[in-house]
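Please open the model in your viewer and keep the selection tool at hand. The stops below can be followed in order.

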Amino acid sequence: SLEGEIRAFLTDEDQLHTYEDLTKVNPVTPTTVLKCLQARYSLKVFYTHAGCTLVALNPFQPIPDLYTLDVMKEYHYAPQPQEFKPHIFIVAEQAYRNIQGHVEPVNQSLVVSGESGAGKTWTSRCLMKYYATVAGSSSVLKIQDKVERIERRVLDSNPIMEAFGFLSKPSCNVMD
Ligand SMILES: Nc1ncnc2c1ncn2[C@@H]1O[C@H](COP(=O)(O)OP(=O)(O)OP(=O)(O)O)[C@@H](O)[C@H]1O
């Protein structure tokens, strides 16, 4: 039965954190998926693939080592970044490479979704920082300046984007 399969899956508690892609979880149920994410979270692992989607959990604390210039470079220069640990930089790099594609460059969109407080603004800033850094000038000062300008623009565009989407959410009737 499904219940039996779920129980058997959860018995192997020490293995739950090893699932780097939730499509490998079997059986895929809310319980099994959440238990895996929980096991990873408790080991301070905040990113997990779910096929071509990336699940980002909010650590609710600064994790500076996860977003350093060196980490960005590691993902940017890796021949196969998807073989590294799940990270927002894998998604960023994949989209970047698709744009750079010499044969047929394709416009790219990154959809960042989640409930209020999930970390969408953080993630968008993280993506902007990544692009401003890897695609930017080689001068450190210029990079810093560009990152700050792009970040500012993203944050400034928030009220406009929210005016279109956020205000009509049933959970947040700001229009009332
Ligand atoms: N990866 C992360 N590392 C450290 N802090 C994070 C991370 N992700 C989110 N946070 C923190 O969690 C809080 C909420 O994140 P954020 O503002 O990005 O949420 P949001 O999804 O944009 O929320 P809302 O929809 O309400 O605007 C912020 O204080 C942010 O700094």
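This is a predicted model: local features need pLDDT of at least 70, side-chain atom pairs count only at pLDDT 80 or more; totals for chains, interfaces and linings use all residues.

Residues are numbered from 1 along each chain as its sequence is written.

Select residues 30-42, which form helix 2 (helices are DSSP runs of H or I of at least four residues, strands are E runs of at least two, both numbered from the N terminus). Its 13 residues reach 18 Å from first to last C-alpha, close to the 18 Å expected at 1.5 Å a residue (the expected span being 1.5 Å times one less than the number of residues).

Within helix 2, colour C36, L37 and R40, which are buried (20 or more other C-beta atoms within 10 Å of the residue's own; exposed means 12 or fewer, partly exposed in between, with C-beta atoms placed from the backbone). Seen down the axis of helix 2, the buried residues fall within an arc of 95°, so they line one face of the helix (the arc is that of the directions from the helix axis to the C-beta atoms). The face turned away from that buried side carries the exposed residues P30, L34, Q38 and S42.

Just after helix 2, select K44, which takes a positive phi of about 65°.
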